[in-house]
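Colleague: I am new to reading protein models, and I would like to go through one slowly with you. Could we look at it together, one feature at a time?

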Amino acid sequence: MEYKGIKIQKLKHNGKIYEGLGKKDSDYYISTKGQVFALTPMSPYVKKRRPSINIDGKNFPVAQAVIETFGQTKVEWILSTEGKPADVSKEAWKNTPDEVKMSFARNGVHVDHKDGDSMNDDISNLQYMHAMDNIKKGGKKSWLLLTTVV
């Protein structure tokens with residue numbers, strides 16, 4: 001579907017399609033540019049330069065909604081060979097149990113903005129990345145503390 005020449009689809013997040021919700025029985029759509037619509041465009045809430053939306057009492061990042069709607073979910077990505085960590089061989093990843101991969105998807109996968117601009121939620125600018133790789137890319141300090149035990 002298109003709206004003013006921009007491709008839009010029904011919004012998906014965590015496997016749920018957002019339709020028939022709220023007081024107005026609204027269907028929600030998202031564009032490849034990160035615009036969110038509920039019959040009329042919504043203005044995302046921006047906290048620390050990360051646009052997010054609140055639909056039906058649930059708050060989530062626009063970038064996550066864009067990549068899940070027009071790309072794939074974290075689970076789909078992590079279960080594919082694309083989701084293999086760089087330091088793991090293809091054979092080892094193939095033999096890794098899905099339960100372990102699912103834990104990675106829940107706890108260790110970020111949506112990365114390729115150009116570093118967290119306001120640019122265009123699908124062409126988004127990719128999944130393992131959390132530690134994303135932290136290294138951004139030059140941020142990890143929340144993990146490594147200690148030496150003697």
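Modeller: Gladly, and please keep in mind that this is a predicted model. Let us start with L11, which touches K16, I17, Y18, Y28, Y29, I30, V36, I53, I55, F60, A65 and T69, if residues up to four places away in sequence are not counted.

Colleague: What is the largest nonpolar core, and which residues have the most contacts inside it?

Modeller: The general idea is that in soluble globular proteins nonpolar side chains tend to be buried together. Here the largest nonpolar core has 23 residues, and those with the most contacts inside it are L11, I30, I53, I55 and F60. At least two residues of this core are supplied by each of β6 (36–38), β9 (50–55), α1, α2 (74–79), β11 (109–113) and β12 (126–130), while the largest share, six residues, comes from α1.

Colleague: How many residues of helix α1 are buried?

Modeller: Nine of the nine residues of α1, which spans residues 62–70, are buried, so this helix is largely enclosed by the rest of the structure.

Colleague: Which residues of helix α5 are buried, then?

Modeller: In α5 (residues 131–138) the buried ones are A131, N134 and I135. They cover an arc of only 100 degrees around the axis, which puts them on the same side of α5. The general idea behind such a pattern is that an α-helix has 3.6 residues a turn, so residues three or four places apart point the same way. The buried residues of α5 pack against β11 and β12.

Colleague: How many aromatic pairs does a search of the whole structure find?

Modeller: A pair of aromatic rings is described by the distance of the centres and the angle of the planes, and the search finds two such pairs here. The rings of W77 and Y128 have centres 5.7 Å apart and planes at 40 degrees, so this pair is tilted. It links distant parts of the chain, with W77 in helix α2 and Y128 in strand β12, 51 residues apart. In the other pair, W93 and F104, the centres are 5.9 Å apart and the planes stand at 65 degrees, so the pair is edge-to-face.

Colleague: Are W93 and F104 buried or partly exposed?

Modeller: W93 is buried, with a relative accessible area of 4%, whereas F104 is partly exposed, with a relative accessible area of 33%.

Note on methods
Residues are numbered from 1 along each chain as its sequence is written. This is a predicted model: local features need pLDDT of at least 70, side-chain atom pairs count only at pLDDT 80 or more; totals for chains, interfaces and linings use all residues. Side-chain values use heavy atoms; hydrogens and water are left out. Buried means under 20% relative accessible area, exposed over 50%, partly exposed in between (1.4 Å probe, protein chains only). Helices (H or I, at least four residues) and strands (E, at least two) are DSSP runs, numbered from the N terminus. A nonpolar core is a set of buried Ala, Val, Leu, Ile, Met, Phe, Trp, Tyr and Cys residues joined through side-chain atoms within 4.5 Å. Contact means heavy atoms within 4.5 Å. The arc is that of the directions from the helix axis to the C-beta atoms. Rings of Phe, Tyr and Trp (its six-membered ring) pair if their centres lie within 6.5 Å; planes under 30 degrees apart count as stacked, over 60 as edge-to-face and the rest as tilted.
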